[in-house]
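Here is a friendly walk through one protein model, taken a step at a time. Keep the picture beside you as you read.

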Amino acid sequence: MSRTIVQGRLSHRLRSLYTSARIGTQVSLRHLLGRRTLPAWPLLFEYGTLFWRAQFNHALSLQHDMDACRAYFDSLYSVFDDYADVTVRPSAADEPRGHWYLPHTLHSDVTVLHFHGGGYAFHAAVSRHFARMLAHYLGAPVFAPDYRLTPEHAHPAQLDDGLAAYRHLLARGIPPQRIVLCGDSAGGHLALMTLAQLAAAGLPQPLLTMGISPWTDIGRRGASQFGNDAYDMVQGYMTLLFAAWLKGGQALDDAALSPMGQDYRGCSPIYLQAGGREILLDMIRDFAHSVAAQGGTVRLDVWPDMNHEFHSYGQHLPASRDALQRLREAIAWARGETSLPPAHACTECDTWRSPAQ
């Protein structure tokens, strides 16, 4: 069931409602006149892209007060499905802070350790809904830790929290071959950085790591980072702001804090998904080819005309349905439950092999 949540201080609610009405009217008129941003974009997708871009931009204008910044971003959002078949439980007192998302019907024996997106600075309500959606579609328990946020907590706080969450799952008795690392956007950055640090931390490799529109370079990389601003809900300037907050004034170079600068030789398989119109596209492509050049096991699928985290539309967008199904297939393959999923029409980089190969 689709529903809209309006909450928080009155000024935030009024501005968000006005923004939603203005953008909804503009997009509807453009579609009636045959002037879509892209021919492949349905009205709902174009509205969502422009609305969330406006919300992000205004929220960041309030960055002098991060509580207000985050509250504004959460003041209005819609969910298309409740996923009532997923129970949400806060972590116990002896666990890292976060939430468990427990589907009533299991399709896999893995546990997914999922790191939310939000540029390391937001843990938005829509991110919590995203984790619930993953549990529903993957049919597996999802643990989503509340890692520390920037700018209040700079690197290495997030990486430390990621490793602590991984250690916790191992301490619960979950074998590493049944743990899937996962993350979207900045959470994809954290999943990939955590993967790269496991060996140095003396920890075993997970079954699989899945990066959903992952941030793979905190510096400047590729024409899409600013060239796709017109098509994405996140903007190129945001990546540089979030990078500065991650560094927190420390003398750290971009490579040290980016998956692009890490060594993935000997790591377990990586599966990456991206949209062909997102600002992170070029850096995700570069990262996939870098892992392949290191001899790593990696596959990248790119859906044309989609942008950042298009998966959020669930069953209401064909590309989203397809991408979520591909995530489930990747887990089944990694567990040895199915043969190698065939390369997709969207597959751009692929070094996956069947066990026999």
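The sulfur of Cys-267 lies 15 Å from the closest cysteine sulfur, that of Cys-349, which is too far for a bond. The sulfur of Cys-346 also has Cys-349 as its closest cysteine partner, and at 14 Å this distance is too far for a bond as well. A disulfide is a covalent bond between the sulfur atoms of two cysteines; here a pair counts when the sulfur atoms are within 2.5 Å. By this rule the number of disulfides is zero. Cys-267 is buried, with a relative accessible area of 15%, and Cys-346 is buried too, at 11%. Buried means under 20% relative accessible area, exposed means over 50%, and partly exposed lies in between, using a 1.4 Å probe and protein chains only.

A word on where these values come from: the model is predicted, so local features need pLDDT of at least 70 and side-chain atom pairs count only at pLDDT 80 or more, while totals for chains, interfaces and linings use all residues. Residues are numbered from 1 along each chain as its sequence is written, and side-chain values use heavy atoms, leaving out hydrogens and water.

Now turn to the strands. Helices (H or I, at least four residues) and strands (E, at least two) are DSSP runs, numbered from the N terminus. Strand 6 covers residues 142-145. Val-142 and Ala-144 point one way from strand 6, Phe-143 and Pro-145 point the other way, and all are buried. In a regular strand the side chains alternate between the two faces of the sheet.

Which strands pair with strand 6? Two strands pair if DSSP finds at least two bridges between them. Strand 4 runs antiparallel to strand 6 and is joined to it by four bridges, whereas strand 5 (residues 111-115) runs parallel to strand 6, with two bridges. Phe-143 takes part on both counts: it is the bridge partner of Trp-100 and also of Leu-113.

Pro-103 sits in strand 4, which spans residues 98-103. Pro-103 counts as buried because its relative accessibility is 10%. Leaving aside residues up to four places away in sequence, Pro-103 touches Asp-85, Val-86, Ala-135, Gly-139, Ala-140 and Pro-141, where contact means heavy atoms within 4.5 Å.

Next come the open spaces. Rolling a probe the size of a water molecule over the atoms shows where empty space is left. On a 1 Å grid over the protein atoms alone, with a 1.4 Å probe, a pocket is an open set of points with protein on both sides within 12 Å along at least five of seven lines, and lining residues have an atom within 4 Å of a point. The largest pocket has a volume of about 780 Å³, where volume is the space filled by probe spheres set on the points, and points are joined across faces, edges and corners. Its lining has 44 residues, and Trp-52, Phe-73, Val-126, Met-233 and Ser-312 lie nearest its centre. Helix 2 gives the most to this lining, with eight residues.

The second largest pocket has a volume of about 200 Å³. Among the residues that line the second largest pocket are Arg-3, Tyr-77, His-99 and Arg-132. Helix 4 gives the most to the lining of the second largest pocket, with four residues.
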